[in-house]
Amino acid sequence: MKSAGVPTVFIIDDDRGMRQAVQDLVESVGLRAESFATALEFLSRQTPSEPSCLVLDVRLPQMSGLDFQRRLTEIG
Amino acid sequence: LKIQQAELQRQWQYLAEAQRLCQSGIFGWKVSNGELVWSDETYKILGFTRETNPRIDQFFDRIHPEDRERLRELRDRSAQNGTDFDVEHRILLPDGVIRYVHVVAHAGTDHSGNREYVGIVSDITERKRAEDERQALSRDLKESNARLEEAQRVAHVGYWEWDLKTGDVIWSDETYRIFGLNPQERRMHLSMIREMVHPEDREALYSGVDVELDAGVQPVAEFRIVTPNGDVRTVHAITSRLWSTMPADSKDWESERPYKLFGTVQDVSELKRATEALQQNQFYISEGQRLAHMGSWAFNASGHYWSEELYKIYGLDPQDGAPTVEQYLTLIHPKDRASMAETIRRMQEEHCGFDQIERIVRPDGQLRYVRAVAVPVMEQGTCKGFIGTTMDVTEQELLTQELRRERAYLAEAQSLTHIGSWVTNFATGQVLHLSDEVYRLHGFEPNQGQITLERFWDTVHPDDAPVVKATVKNAIDTRTDYDVPEYRVRLPDGSIRFLRTSGRPTGSGEIGEYIGITMDVTERKRAEEERERLRQLEADLAHINRVNMMGELAAALAHEIKQPIAASITSANALLRWLAHNPPDLERARTAAARIEQDANRAADVINSLRSFYRTGTPAERQLVDVKEIIGEMTVLLRIEADRHSVTIHRALEADVPKVLANRVQLQQVLMNLMLNAIEAMKETGGYLTIGSRATPEGHLVVSISDTGVGLPAGRSEQIFDAFHTTKPQGTGMGLTITRSIVESYGGRVWATVNEGAGASFHFTLPGESEARI
């Protein structure tokens, strides 16, 4: 999926309908998109060093969006 | 001459002596001059002195006046014809003595040719008296013989004689009659008599008589005879020997032996029949008394009689005889004794009869009821005693008492339940039975006497009467049962009572004759109305409860609706962009459109599932529902709320649980109440909500909602279901109450338990599909 020069937008939302809609919108403007149901799923798949755009739902199961943001700041 | 004269003298003396001995005198009668010559004895017989010079006139004076005329005729005839005569007549002496004389005279002539009679006059007074006596005797004998005959005839007693020497048999007239013969129609022989004795009795009779005669006993025998025309008669015979009446000093050998058998024979057929009939009657009477448990008694001047059965009724021994009044009173039950003593006193003093039931206590302690009836025996205005009967009526009395009791119970039961019973003939208007309760139900007094059918109809409300009458008429026409479930009657005070009445034709076969009940359904009617009012109230409360719950869920629900809408809007943006591509990416646009539809539907579903919650009024009809489906819906609705409080919902649903017949909204409400409560209990701590469902062996459905929250208030696991009991600051306290009322309306049950680890569990059951109550 990855191609140089095109930034990837990561989407984290537990609502499958919302997740798919956002991913589709991102892709319709020519960007790459990857979606995850939970923050933990995202963390287990992605290395934080890779610069990216993140669409984050605040209300998430297990780890809320705000907690996740704090976690990202910690990691740097 | 001297010798001749002496000889003559002597002969004369002989003659005089002979005359004296035979009481006869000699006389001569010269017809021509009426001169008489008498011997001394003649003087004596005729009562004249020797000095008298008798003349015929003087003689006639002495003749009894009644005989005088007869003698004169005889004298004149004799004087004329000169015939001999022989006459008897009486003479009347101057002292009044009457003498009978017999005069015999022979006619002759004297030496000068004049007619003269010579005759003898004999005194026959003695002979005449003896003859009279003999005649009187003979007359008496004849009379007494006739009386004897009559007596024999009347008493049916005859006699017989058997001359042992000659073998002659003599029967009296009655004996002939008894044997069915005409009196003295023929001479009887022993062999003939033997033939007439009934063959079965013959041997015993003859051998018995002989034996007894030899033993010197007077045989008495009863045997049957057969008359010539075939009648069988029973006779009673007594035989005795007649001994010779010859003087004892005659040396006749026969005097030592009986020369005759004499006997009487009496026809006792009638007596025997009467006796047998009497015995039979007595047997019938005593048997009748025994069967009827009835004894009889008589009390009069000659004593006190008790029948056998009467002794038995009182448990007394007939050997002891009838009891005295005092003894009798000891047999009466103590509670009835005084009144019985009074009854007997009145009977004796005022000669009143009586008829009453009293209790007696037999000597063995057994209590019996007897009905005693007594009547005075009046003869020409005076009381000659009393007769009466006593009947053991214990069984009837106990039955009567039981019947009375049962009737009282029935009346009581009718009065308690307000159900009356009746039997009436609608065709004839005849009222055959009416229990007191029927009177009361229609506003009458039970003791006001028989009430016509018409008056009952008059109490029925005018609006209802035609319907009731039509129903009854139709039932009569078709000879079927009828039931009028509800009609109104107007009571005298103007109030209205609701009644129900049903009837069925009696078994009598009479057209229009019905037996039935009428019951007061006013209370039921009021209760129904009350129930309906409560149901409405409950529905209203349930609605409030639902609205409240929606209020609590508003934030979560808003999110639940907003999310698919937001997704739809985002998808719509994407769709527009895919169309704006050159060339438009139709494939991606179609995918986005499909997603829009899907998300919009999702939002619509949520709204739909909420809409019924806001609806007011009575819940819709019940239908077969799968509880797992409803649990799924509720889990979706409550997910956001659960998330908000860090509550995770687990579902532990058995695959094979029965469907239930229920109203969907009510079931949703129950689940939502219990799940919201569970989330509430974990509001501060978060935790797990586990919802499970399973089937019981009986096929019921059990749903359990467990939490890991604060648990139940200690010892108040039942109280929490009470109305207005709440632990929540904003709670109405209606949630669990409504839950319980809904579950119980399905015949189910709801209860709470404390979990082993933490928190509480709420369970409810619902009858499986097959048992569900609709």
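Predicted model: local features only at pLDDT ≥ 70, side-chain atom pairs only at ≥ 80, totals over all residues.

Trainee: Is B:R50 buried, exposed or partly exposed?
Mentor: B:R50 counts as partly exposed, at 47% relative accessibility, and for B:D40, also partly exposed, the relative accessible area is 47%.

Trainee: How many salt bridges does the structure hold over all chains?
Mentor: Over all chains there are 51 salt bridges.

Trainee: Which residue forms a salt bridge with B:R224?
Mentor: That is B:D201, and the closest N and O atoms of the two are 3.0 Å apart. Here too the pair links distant parts of the chain, since B:R224 belongs to strand β8 (residues 220-226) of chain B and B:D201 to helix α8 (residues 199-214) of chain B, 23 residues apart.

Trainee: What about B:D464 and B:R488, how do their side chains meet?
Mentor: They meet in a salt bridge, at 2.9 Å from N to O. B:D464 lies in the loop between α15 (453-459) and α16 (465-478) of chain B, while B:R488 lies in strand β18 (residues 482-490) of chain B, so the pair ties together parts that are 24 residues apart in sequence. As for accessibility, B:D464 counts as buried at 13%, and B:R488 is partly exposed with a relative accessible area of 23%.

Trainee: Which residues are linked in a network of salt bridges?
Mentor: The network links B:E342, B:R345, B:R346, B:E349 and B:E350.

Trainee: What is B:D336 in contact with, leaving aside its neighbours within four places in sequence?
Mentor: With those neighbours set aside, B:D336 is in contact with B:E358 and B:R359. In the case of B:R359, the backbone nitrogen lies 2.7 Å from a polar atom of the side chain of B:D336.

Trainee: Switching to strands, how many bridges join β3 to β4 in chain B?
Mentor: Eight bridges join strand β3 (residues 85-92) to strand β4 (residues 98-109), and the two run antiparallel. They form a hairpin with five residues between them, and B:G96 in the turn has a positive phi of about 95 degrees.

Trainee: Which residue stands opposite B:E88 there?
Mentor: Opposite B:E88 stands B:H102, in β4(B).

Trainee: And B:I98, what does that one touch?
Mentor: B:I98 is found in strand β4 of chain B and, not counting residues up to four places away in sequence, touches B:H64, B:R90, B:I91, B:L92 and B:T125. From B:I98 to B:T125 there are 27 residues in sequence and 8.2 Å in space, C-alpha to C-alpha. B:I98 counts as partly exposed, at 35% relative accessibility.

Trainee: Where is there a nonpolar patch on the surface?
Mentor: B:L576, B:L579 and B:L586 form one, with about 290 Å² of accessible area together. Of these, B:L576 has its place in helix α17 (residues 522-580) of chain B; it is exposed because its relative accessible area is 54%, which is over the 50% cut-off.

Trainee: Zooming out, what does the secondary structure of chain B come to?
Mentor: Chain B comes to 21 helices and 27 strands, and 38% of its 774 residues count as buried. The chain exposes about 45200 Å², with carbon and sulfur atoms supplying 53% of that area.

Trainee: And how much of the contacts comes from residues 24 or more positions apart?
Mentor: Among contacts in chain B with a separation of 6 or more, such residues account for 52%.

Notes
Residues numbered from 1 in each chain as written. Chains lettered and ligands numbered in written order. Heavy atoms only, no water. Patch = residues over 30% accessible without salt bridge, like charges linked within 9 Å, V, L, I, M, F, W, Y side chains within 5 Å. Areas by Shrake-Rupley, 256 points an atom, 1.4 Å probe, with all protein chains shown as cover. Salt bridge = Lys/Arg side-chain N within 4 Å of Asp/Glu carboxyl O. Helix = DSSP H or I, 4+ residues; strand = E, 2+ residues; numbered from the N terminus. Buried < 20%, exposed > 50% of the residue type's maximum accessible area, 1.4 Å probe, protein only. Pairing = 2+ DSSP bridges. Contact = heavy atoms within 4.5 Å. Polar contact = N/O pair within 3.5 Å; in protein donor to acceptor, adjacent residues only side chain to side chain.
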